[in-house]
Amino acid sequence: MPRTTDGDGTPVPQRLLAAATRLFAEQGYDRTSVQEIVEAAGVTKGALYHYFGSKDDLLHEVYARVLRLQQERLDAFADADAPVEKRVRDAAADVVVTTIDNLDDASIFFRSMHQLSPEKNKQVRAERRRYHERFRALIEEGQRTGVFTKETPADLVVDYHFGSIHHLSTWYRPNGPLSPQEVADHLADLLLRALRP
């Protein structure tokens with residue numbers, strides 16, 4: 001049975017994910033071998049296959065862990081006892097910050113999603129759809145109550161906002177002029193300006 005932690009207590013699955021994320025970001029998913037991942041994580045191939053069935057499973061988990069975090073946070077914002085405009089703004093800004101905080105994961109995923117197996121690709125699309133549908137429901141709530149305009153369909157508003165988020169990895173730099181929160185505030189404000197009647 002593989003060890004579950006290393007000397008500092010880091011669980012093997014997290015070590016494997018950290019190594020895979022770094023290598024996928026540096027070399028690309030397709031140019032990274034399983035052997036390189038296990039060597040970087042300091043484990044055996046048996047340990048990798050104990051926790052992940054394949055390199056494809058690692059790629060899926062790189063993105064799924066960020067999406068799980070974002071879904072939990074969106075659910076909390078959506079369920080909060082606050083005006084819909086505040087909930088939308090908070091959720092819109094948060095997804096930007098959590099994407100920037102996990103920029104390697106996001107960029108790996110968007111560069112490599114097409115390399116997932118059809119089954120994993122379908123699963124990821126369903127997970128993303130669930131997130132987008134919850135976000136869209138907030139927009140629709142604001143439209144129904146007259147807080148937001150109905151002139152632009154909620155689907156288009158969601159696609160507009162997430163399109164900008166999906167491209168963060170192509171231009172955002174941690175040492176650039178804007179902090180993650182500043183980028184989040186600007187994008188959330190743009191979204192709200194587009195929604196106001």
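Select T21 to begin: this residue lies in helix 1, residues 12-27. Helices here are DSSP runs of H or I with at least four residues, numbered from the N terminus, and strands are runs of E with at least two. The model is a predicted one, in which local features need pLDDT of at least 70, side-chain atom pairs count only at pLDDT 80 or more, and totals for chains, interfaces and linings use all residues. Residues are numbered from 1 along each chain as its sequence is written, and side-chain values use heavy atoms, with hydrogens and water left out.

T21 counts as buried because its relative accessibility is 7%; buried means under 20% relative accessible area, with a 1.4 Å probe and protein chains only. Next, display R65, whose side chain makes a polar contact with that of T21 at 2.8 Å. A polar contact is a pair of N or O atoms within 3.5 Å, where, within protein, one must be able to donate a hydrogen and the other to accept it. Leaving aside neighbours within four places in sequence, T21 is in contact (heavy atoms within 4.5 Å) with V62, R65, D104, D105 and I108.

Now colour residues 10-70, listed by UniProt, in an unreviewed entry, as "domain: HTH tetR-type"; such annotations may be inferred rather than shown by experiment. This span is 77% helix and 0% strand, and its end C-alpha atoms lie 23 Å apart.

Finally, select helix 5 (residues 84-101) and helix 10 (residues 180-195), which pack with axes 8 Å apart at an angle of about 140°. Axes are lines fitted to C-alpha atoms over the stretch in contact, and angles run from 0 to 180 degrees between N-to-C directions. Residues making this contact include V88 and A92 of helix 5 and A184 and L191 of helix 10.

Key
Buried means under 20% relative accessible area, exposed over 50%, partly exposed in between (1.4 Å probe, protein chains only).
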